[in-house]
Amino acid sequence: MTPSPDLIHELRASRPSAPADLRTRVRAVASEQPRQAPWASWRFPVRRGMLVVVPAAAALALASAGVLGLARSDRPEALRQAAPAPVQDATTADSAAPNALGATRAGANGAGKAADTAGPRAQRVSASLTVEVANPDAVSRAAQDALDLTRSLGGYVVSSSVATGEQGSASLTVRVPVDRVQDAIAGLSGLGRIVSQQVTIDDLQQNLDELTHRQASVLGQIARIRARLDSETLDAPTEAVLRARLGILRGELRALRQGISSTEAEARMSTIQLAVVTRGASGAVAPSSRIDRTIDEALGVLAWEAVIALGMLIVLAPFALVGIAAWLGRRTYRRREEARLLAT
């Protein structure tokens with residue numbers, strides 16, 4: 001039911017007015033209240049603010065990571081990490097390893113002659129080669145050729161593993177005489193295209209000299225003790241001590257002779273590790289694009305930003321807890337005050 005215009009006009013005309021004493025009391029109460037600053041009544045909407053701050057911070061973090069990743073993707077360090085390892089040419093590598101081995105051995109022999117030592121120095125020679133063949137069928141042929149070459153040079157096979165399939169591979173460890181190691185490297189390099197190779201030479205002469213000198217010292221002590229036992233008249237305790245010492249020296253002499261024998265055997269034979277792979281399994285990796293490098297760098301920046309944010313969270317967490325506790329206490333106090341005022 002809609003009120004008539006006349007009724008509305010009468011209600012507006014008969015608007016009630018407050019009594020004079022009530023107006024006076026309201027003015028007195030208002031004059032007693034302190035005037036608040038304009039910003040005192042302003043309240044920050046926390047929920048709405050979080051809806052704006054959190055997406056803005058995430059967008060800023062993503063944007064900075066993208067910009068830094070794009071800027072760092074052209075650095076020389078990133079390009080070197082993305083670039084594949086250079087592959088040596090078969091002809092160059094084939095001649096480089098034996099030449100380097102020969103130069104090193106010649107230098108060692110020269111040093112040995114300068115020190116007035118007889119014969120070449122004792123050395124541990126080891127080499128590792130990786131050759132690439134055309135297909136899995138060539139892997140078996142290359143492995144068999146490597147075994148035949150090893151036996152023809154007077155060496156033997158330590159271990160051999162050949163895997164056939166879509167991407168065949170073979171791994172062999174052989175030992176050949178040191179004076180034939182150059183021939184072995186040259187022959188194994190001809191089995192395919194050289195992907196990588198390394199020749200290592202460790203000097204064993206110092207260790208062999210120490211063992212030899214100690215052996216001579218032990219033999220001298222044994223000879224002196226036996227001479228005393230054969231030529232002198234000793235009391236029982238002294239003879240017992242000398243015989244115990246003699247037994248210890250004989251045991252040490254056996255260990256020294258075994259060490260000398262094993263060191264000389266190590267110096268006589270070289271160790272060669274050969275890996276035969278196919279073209280698809282040779283480990284050559286195409287360089288990554290700038291987009292991939294940018295994504296990698298951006299992920300790295302995001303990881304560091306996450307670490308920094310976590311550190312700031314750990315540092316600010318106690319202060320945040322204190323602030324939340326103070327806010328809850330103030331809110332509880334205000335509610336109690338309002339309830340008390342309403343009750344009165």
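Biologist: Which strands does helix α6 lie across?
Modeller: This is a predicted model, to be clear. In it, helix α6, residues 136–152, lies across β1, β2, β3 and β5.

Biologist: And what angle does α6 make with β3?
Modeller: About 10°.

Biologist: OK, the sheet. What is the strand order?
Modeller: The order is β2-β3-β5-β1-β4. Five strands form this open sheet, and the pairing is mixed.

Biologist: Which strands stand at the edges?
Modeller: β2 (156–163) and β4 (193–203). Each has a single partner strand, so one side of each is left without a neighbour in the sheet.

Biologist: How much twist is there from one strand to the next?
Modeller: The average is 10°.

Biologist: Now β5. Is β3 parallel or antiparallel to it?
Modeller: Antiparallel. Nine bridges pair β5 with β3, residues 169–177. T173 stands opposite Q273 in β5.

Biologist: What about β1 and β5, parallel or antiparallel?
Modeller: Those two run parallel. Eight bridges join β5 to β1, which spans residues 123–133.

Biologist: Which β5 residue is the bridge partner of S126?
Modeller: T271. Further along, T130 stands opposite A275 in β5.

Biologist: What holds paired strands together, in general?
Modeller: Backbone hydrogen bonds, in either the parallel or the antiparallel arrangement.

Biologist: Last one. How many β5 residues are buried?
Modeller: Seven of the 10 in β5, residues 269–278. That strand is mostly covered.

Note on methods: Residues numbered from 1 in each chain as written. Predicted model: local features only at pLDDT ≥ 70, side-chain atom pairs only at ≥ 80, totals over all residues. Heavy atoms only, no water. Buried < 20%, exposed > 50% of the residue type's maximum accessible area, 1.4 Å probe, protein only. Helix = DSSP H or I, 4+ residues; strand = E, 2+ residues; numbered from the N terminus. Pairing = 2+ DSSP bridges. Axes fitted to C-alpha atoms, helices over the stretch in contact; angles between N-to-C directions. Contact = heavy atoms within 4.5 Å.
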